[in-house]
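Me: I would like to go through some labels used for this structure and ask what each one rests on.

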Amino acid sequence: MGGRWIERWEPEDETFWREKGERIARRNLLFSVFSEHIGFSIWSLWSVMVLFMGPQYGIDPAGKFFLIATATFVGALIRIPYTFAVARFGGRNWTIFSALLLLLPTGFAFAVMEPGTSYGTFVLVAALTGVGGGNFASSMTNINAFFPLRKKGWALGLNAGGGNIGVPVVQLVGLLVIGTAGALHPRIVLGVYLPLVVVAAVCSALFMDNLAPVRNDTGAVKEAVAAKHTWIMAFLYVGTFGSFIGYSFAFGLVLQTQFGRTPLQAASLTFIGPLLGSLIRPVGGSLADRHGGARITLWTFVTMAAATGIVVYASVVESLAVFLVGFIGLFVLSGLGNGSTYKMIPAIFLAQGHRKGLSGEAAEAYGRRLSGASMGLIGAVGALGGLGINLAFRQSFQTAGTGTSAFVAFLLFYAACIAVTWAVYLRRPAAVPDTAEAAEAAEGEKPRLGYAEV
């Protein structure tokens, strides 16, 4: 329990927030974003390293897809313990530790990144980079505790978007290295990030705080695990965030393998999609605020299916220009969906609180407990979608030499997401109100809601 602890934290008290809380919360948000940003960059490191792995490494495209799939898998699983680490150790303390932990995958990659290293060693180092994926879960949990309810959407959106941008930034660093030093010097990328990891840890130690009132609510966790809507939303998040992180990791390798791009040509295009997807994430949340999260999510999946159809066509006719239009469209749409699906979660559990007979602050408190407990699980399962995407690409290229069959599989999955979103959250009368306002308006009409028991 060492480190700097704040014993009293009451962000809902407007006087406390105005005089003291807001300044402290914004400072913690700033340095949380920085640490999470570096974590995302390390997690997606192998989307860049594989561009440096020419024929001299002796690894075929299927083997490279397995490397990035390994990083995705570990990053998804580790989100679950990271979600609860903040309450156990303190947000500041855990941020310091999790930042320093990034030295392991970065340092080991620096040591082994050369021809002649065994494939098993590369797999092990790729698995270590998964620790960067956990930083998102702990960072979101920590920042969620600092801000009042009326500010959470803005704070969490900024925190998530700032972290996600770590993916295109490390890809831009890779492009800069390939464009200046050439594709034979991957250690320069790693040399850039080693000191940045240390800076993130030092800044966390100097400028962040632990909140003593934050404690793990094991009852809420058990209830969230048993809730059907936790797993329904996790399925939908596979389609949005899983698509974003999976495509981010695989984009450059697909360009090299299917369209014969050189490392420099691939790197010059790879960062565009993740950058646009990261920047547009808050827009998805804002649209969900105005029009309802389920409506935005449904139309996101519809357009993602259309964009996937374009990609399938481009893959068949081998048109790089059309392929880029469709694939970058998928990044933008998955970013929109990231924002809208996350905005659905608290509204769904608030609606459930109303269904249980709660009202006012009691219903809001219930919604906060359940949504907070479920977000870590939803984030972890959603990230596993990235694993599925990379394994699908691996199998597709291994058996057919192209990614066409993988894209067809993704198209079918988006069709399933469309059906689930409509059937569970939009079909009347069995709909769950997807905004807080709708849930409150329906409070006196519970028998008409009829959504599935959770």
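Me: Why is Glu10 called partly exposed?
Reply: This is a predicted model, and in it Glu10 has a relative accessible area of 36%. Buried requires under 20% and exposed requires over 50%, so Glu10, at 36%, counts as partly exposed.

Me: Where does Glu10 lie?
Reply: Glu10 is in the loop between strand E1 (5–6) and helix H1 (14–43). Its C-alpha atom is separated by 39 Å from that of Thr106, with the two residues 96 apart along the chain.

Me: What makes H6 roughly antiparallel to H7?
Reply: Helix H6 (residues 103–112) packs against helix H7 (residues 119–128) at an angle of about 155°, and their axes are 8 Å apart. Angles over 145 degrees count as roughly antiparallel, so that label applies to H6 and H7. The crossing of H6 past H7 is left-handed.

Me: Which residues make the contact?
Reply: H6 contributes Pro105, Phe108, Ala109 and Val112, while H7 contributes Thr121, Phe122, Val125 and Leu128. Sorted by class, the contact has seven nonpolar residues, one polar and no charged ones.

Me: Why is Cys203 called buried?
Reply: The cut-off for buried is under 20% relative accessible area. Cys203 has 16% relative accessibility, and therefore counts as buried.

Me: What makes Cys417 count as buried?
Reply: Its relative accessibility is 0%, so Cys417 falls under the 20% cut-off.

Me: How many disulfides does the structure hold?
Reply: It holds zero disulfides. The criterion is a pair of cysteine sulfur atoms within 2.5 Å.

Key
Residues are numbered from 1 along each chain as its sequence is written. This is a predicted model: local features need pLDDT of at least 70, side-chain atom pairs count only at pLDDT 80 or more; totals for chains, interfaces and linings use all residues. Side-chain values use heavy atoms; hydrogens and water are left out. Axes are lines fitted to C-alpha atoms, for helices over the stretch in contact, and angles run from 0 to 180 degrees between N-to-C directions. Helices (H or I, at least four residues) and strands (E, at least two) are DSSP runs, numbered from the N terminus. Angles under 35 degrees count as roughly parallel, over 145 as roughly antiparallel, 65 to 115 as roughly perpendicular and the rest as oblique. A crossing is left-handed if the near helix is turned anticlockwise from the far one by less than a right angle, and right-handed if clockwise. Contact means heavy atoms within 4.5 Å. Ala, Val, Leu, Ile, Met, Phe, Trp, Tyr, Cys and Pro count as nonpolar, Asp, Glu, Lys and Arg as charged, and the others, Gly among them, as polar. Buried means under 20% relative accessible area, exposed over 50%, partly exposed in between (1.4 Å probe, protein chains only).
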